[in-house]
Amino acid sequence: MIFQDNVIKEYLKNVYFITGTPCGGKTTISQELAKRHNLLVYDVDEQFAGHRKVSNPASQPSMNQVFKDADEFFGRTVEEYKEWLIANTREQLDFVFLDLIRLSQNKNVLCDCHLTVEEAEKYTEMSRIVFLIKEPSNLIEEYCNRPDHQGFCDFINSASDIEKAKATCNATLKMLNEKRYHDIKGSNYLWMERTDNSTVEETVRKAERHFGFV
């Protein structure tokens with residue numbers, strides 16, 4: 001069964017989206033908004049393992065691809081790594097939308113996710129999405145220093161050539177997110193760029209005003 005985009009949009013009317021590019025502050029801002037406004041946070045990354053358990057290799061081949069170790073995982077070309085990440089996100093999206101429809105029937109849900117500008121246009125309204133972005137260069141050190149990504153940090157540090165693995169990740173994240181970064185900045189959506197001068201308080205205030213929470 002295939003659901004039309006307008007049907008999905010209607011059933012997601014109680015869902016607010018915090019999306020953007022890596023290290024833009026999505027998780028921090030989502031958690032702070034949820035605390036202030038008693039919202040349920042749905043983190044797409046946290047749901048991946050559960051979705052993978054109910055997926056199958058025929059329908060979701062990228063989600064089910066197995067790598068024997070970090071050397072095999074990071075030994076791919078940047079293009080191969082990028083296409084695998086895109087495919088994972090695309091395959092998981094069906095699970096995500098069904099979860100969100102179920103969870104948001106009688107309450108507002110805040111979704112920490114990876115929607116692009118094109119997907120935002122299909123699945124939600126401008127008033128229910130905020131893009132948080134950061135210039136996508138040299139992201140891996142900050143990414144690995146986050147407590148919620150300790151497992152990935154340990155995995156990348158198990159590679160035979162750690163610096164090469166990190167370089168592959170940085171190049172992949174830049175290739176994957178550079179166009180998205182510029183598309184977001186050129187769009188009419190509310191976006192906020194994380195810099196050395198930006199603060200959580202300022203970002204939260206802008207987001208909650210945009211969502212109509214205050």
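Reader: How many cavities of 30 Å³ or more are there?
Author: The count comes to 1 cavity of 30 Å³ or more, where a cavity is a set of points on a 1 Å grid over the protein atoms alone at which a 1.4 Å probe fits but cannot get out. This is a predicted model, in which local features need pLDDT of at least 70 and side-chain atom pairs count only at pLDDT 80 or more, while totals for chains, interfaces and linings use all residues. Residues are numbered from 1 along each chain as its sequence is written, and side-chain values use heavy atoms, with hydrogens and water left out.

Reader: OK, and how much space lies in the largest cavity?
Author: About 100 Å³ lies in the largest cavity, and its lining, meaning residues with an atom within 4 Å of a point, includes Phe 17, Val 44, Cys 111 and His 114.

Reader: Which helix gives the most to that lining?
Author: Helix 5 does, with 5 residues, helices being DSSP runs of H or I with at least four residues, numbered from the N terminus.

Reader: Switching topic, what about the second largest pocket?
Author: That pocket holds about 400 Å³ of space, a pocket being an open set with protein on both sides within 12 Å along at least five of seven lines. Of the 14 residues that line the second largest pocket, Phe 3, Ile 8, Leu 93, Asp 94 and Phe 97 are the closest to its centre.

Definitions and conventions:
Grid points are joined across faces, edges and corners, and a volume is the space filled by probe spheres set on the points. Helices (H or I, at least four residues) and strands (E, at least two) are DSSP runs, numbered from the N terminus.
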